[in-house]
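Visitor: I have a structure open here and would like to go through it with you. May I start with a loop and then move on to the sheet?

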Amino acid sequence: MTKTELLNKLNKENIPTNIVNFDDPIKEGLCLRKIYYRWEVFYRERGQEYNGIGFTSESEALQYMYEKLLSLYKK
């Protein structure tokens, strides 16, 4: 999955895309960043980072983000 595909899927499910953050060290929400040789997904709120999880590829990390948001918004 690519970033564009993730945003398109979120739009299709009517999930707000403004809660997803790529590479912005200040913006809050569900974030994705690359650290050395791995990708990390975590939640940032009020300058604090929570529930970080690492992945070996960007595609895996984006898939995890999609599934996480889908589970939160489509209960």
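Visitor: In which loop is the place of Asn 14?
Guide: This is a predicted model. In it, Asn 14 belongs to the loop between α1 (3–12) and β1 (20–22).

Visitor: Is Asn 14 buried or exposed?
Guide: Asn 14 has a relative accessible area of 68%. Because exposed means over 50%, this residue counts as exposed.

Visitor: What separates the C-alpha atoms of Asn 14 and Gly 54?
Guide: A separation of 27 Å is computed for these C-alpha atoms, and the two residues are 40 residues apart along the chain.

Visitor: Now the sheet. What order do the strands have?
Guide: The order is β1-β2-β3-β4, in an open sheet of four strands with mixed pairing. β1 and β4 each have a single partner strand, so one side of each edge strand has no neighbour in the sheet. From one strand to the next, the twist averages 25 degrees.

Visitor: How many bridges link β2 and β3?
Guide: Seven bridges link β3 with strand β2 (residues 29–35), in the antiparallel sense. Lys 34 has Trp 39 in β3 as its bridge partner.

Visitor: And what stands opposite Trp 39 in β4?
Guide: That is Phe 55. Strands β3 (residues 38–45) and β4 (residues 48–55) run antiparallel and are joined by six bridges.

Visitor: Which residue of that hairpin takes a positive phi?
Guide: Arg 46 does, with phi near 50 degrees; the hairpin has two residues between its strands.

Visitor: Which strands does helix α2 lie across?
Guide: Helix α2 (residues 58–73) lies across β1, β2, β3 and β4, and runs at about 170 degrees to β2.

Key
Residues numbered from 1 in each chain as written. Predicted model: local features only at pLDDT ≥ 70, side-chain atom pairs only at ≥ 80, totals over all residues. Heavy atoms only, no water. Pairing = 2+ DSSP bridges. Buried < 20%, exposed > 50% of the residue type's maximum accessible area, 1.4 Å probe, protein only. Axes fitted to C-alpha atoms, helices over the stretch in contact; angles between N-to-C directions. Contact = heavy atoms within 4.5 Å.
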